[in-house]
Structures are given as C-alpha cells and as structure tokens.
Amino acid sequence: MFNFEGGCYAKVINLDKESEPDIYNAIRRNALLENVTVDAEGKIDFNDKSTTENTRVSYPIYHIENIVKPISHAPAAKQVIFLSADAFGVLPPVSILDKEQTKYYFLSGFTAKLAGTERGITEPTPTFSACFGQAFLELHPTKYAEELVKKMEKSGAKAYLVNTGWNGTGKRISIRDTRGIIDAILNHSIDAAPTKTIPYFNFVVPTQLEGVDPNILDPRDTYADASQWEEKAKDLAARFIKNFKKYESNEAGKALVAAGPKL
C-alpha cells in the first residue's frame, strides 16, 4: 500500500546509477523488487529481460533524499505538465502550450505504449487516451478539458507538453535532459527563454535551456536530413486530426480543431 500512501514505483529495466541515481539509491531495505534476476551472490542484473521487460521497484518516498515535506499537502499548481513518450521522433522535448492547445492536447492524451507495460507490446506503439485517462471518464471529454483550464486560469498556471520519447538520433531523450527541462519549468526560466515555432503543430519551443542539450530542443535538428522529420510529422499530425474527430460532436470540440495540427 505504500505505493499509494507515501511511496513510489519505477521501472528498472536497464537501470544504472549514472542515469537514474535517485531510483538506484532507493533500492535498499524495505524496497520491493519485481521480476528481476538475482545471482547467487545477491547481485541484481537490471539488464536481464529474459522473464519480462516489466521489471520494477516499489519503495517508500523517504528513500528519495530531495522530497517535499509534508508530502500530503500542496498549493494550487502553477505549472501543469503533460507527459508523452513519442515513438515517432516528431514531438519536441518540451512545448509551451497556450490555453486552447492545453485543451486540445489534454483531450488527445497522446503517448506510446512501451514494451513491458502491457501484454503483447514488444515495441513502442502510439496511442491516444482522452485526458490521459479515457477509461475513467463519465462525461464528454471536453467537459474535463474546460474544467482543467478553468482551474489553471484561477491559479495562474501554464501548461507544457514534455516528451520523453525518441528523436532523430533513434535514441530516447536522456533523463538528464528531461530533468533539466522539468527544472526550467519549475523555476520559470523556460518562460524567459528565446523561442521558435515548430511547423504543422505550431508548438512554441525554447531554443536554449540551462542543463539541456540545445541540439535536441528543435526535433528537426536531431535528423541528418530534416525532410525525414517533416515526413514523420505529417504522418503524426494526420493521426492527431483523425483521432480528434470523435470530439467534434459538440461545439466545444469543434472550436478546438484550430488549436491542433495543420496539414
């Protein structure tokens, strides 16, 4: 139960101390490991996926050093972060969203199912889930999008779409770069950063952030040939447009079409 009451869990496949030191160091007495391989000397092989790629650990929150106390209370959010894992290599690692884009991409709930998270998934598979939780919605999804933005306006919050997936290098965006992006969002330095606009999606993206490789902030720069990105971007944009048609049954959904990708 501590996974819900003051705890955390994380995938540990290919875990190493350099890239994920907090999780690595949290694996000690009172942590619970699942589906991992341990040799006769008690050494864990985090790279072994012979049983499943869904290897993970649950641990008490106090195993992480830099936590906020008390952990059960917080003021209204000033930053709202949508997490996505883009398997196409199209989305920027971070995009600054306006109010209408916030509704559109919250409704779209785009990410990728990753190997080990569901039975039969062996490679990243793109998926859309309304409000990032479609199975739990009782009302039309646009109602939740409207309520989210209403609460954000009340607290003065801004929204950001953070992509932890792949880019033109064929590799996932590093945890170090993602951590730098999250830091920039939380300390507001992203709001003062120089920006550019990415075509098709009209995403406003920073061109420089402290602690983040500037060569990844525009996903086109990660390809040897930018036309490869353009081809994939058109494909992904078309998928967003097709997916969003199911929300156009009311006026609120129709009004948000303009906030989405353009071809």
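The largest nonpolar core of this predicted model has 33 residues. A nonpolar core is here a set of buried Ala, Val, Leu, Ile, Met, Phe, Trp, Tyr and Cys residues joined through side-chain atoms within 4.5 Å. Buried means under 20% relative accessible area, exposed over 50%, and partly exposed in between (1.4 Å probe, protein chains only). Phe201, Phe203 and Leu236 have the most contacts inside this core. At least two core residues come from each of β6, α2 (99–108), α3, β10, β12 (203–206) and α5 (226–244). Helix α5 gives the most, with 6 residues. Leu236 touches Asp86, Phe88, Val90, Leu91, Phe110 and Phe201, leaving aside residues up to four places away in sequence. Contact means heavy atoms within 4.5 Å. Another core, of 14 residues, lies apart from the largest one, and Ile96, Ala184, Ile185 and Ile190 are among its members. In soluble globular proteins, nonpolar side chains tend to be buried together.

The model is a prediction, in which local features need pLDDT of at least 70 and side-chain atom pairs count only at pLDDT 80 or more, while totals for chains, interfaces and linings use all residues. Residues are numbered from 1 along each chain as its sequence is written, and side-chain values use heavy atoms, with hydrogens and water left out. Helices (H or I, at least four residues) and strands (E, at least two) are DSSP runs, numbered from the N terminus.

Helix α4 was examined next. Its 12 residues (175–186) should span 16 Å at 1.5 Å a residue, and the end C-alpha atoms are 16 Å apart, which agrees. The expected span is 1.5 Å times one less than the number of residues. Asp177, Thr178, Gly180, Ile181, Ala184 and Ile185 are buried in α4. Seen down the helix axis, the buried residues fall within an arc of 160 degrees, so they line one face of α4. The arc is that of the directions from the helix axis to the C-beta atoms. The cover over these buried residues includes β6 (79–84), β7 (94–97) and β10 (158–163). His188 follows α4 and has a positive phi, near 70 degrees.

The structure holds 12 salt bridges. A salt bridge is a side-chain nitrogen of Lys or Arg within 4 Å of a carboxyl oxygen of Asp or Glu. Glu147 pairs with Lys150 at 3.6 Å, N to O. These two residues are 3 apart in helix α3 (residues 141–155), and so about one helical turn separates them. Glu147 also forms a salt bridge with Lys151, with the closest N and O atoms 3.8 Å apart. This second pair is 4 residues apart in α3, again about one helical turn. Glu147 is partly exposed, at 35% relative accessible area. Lys151 is exposed, at 53%.

A further salt bridge joins Asp191 and Lys158 (3.3 Å, N to O). This pair links distant parts of the chain, 33 residues apart: Asp191 lies in the loop between α4 and β11 (195–198), and Lys158 in strand β10. Asp191 is partly exposed, at 35% relative accessibility. Lys158 is also partly exposed, at 35%. Through shared partners, salt bridges join Glu147, Lys150 and Lys151 into one network.

The chain is divided into domain 1 (7–63) and domain 2 (79–259). These bounds come from an automatic or database domain assignment. The C-alpha centres of the two domains lie 28 Å apart. At their contact, 6 residues of domain 1 meet 5 residues of domain 2.
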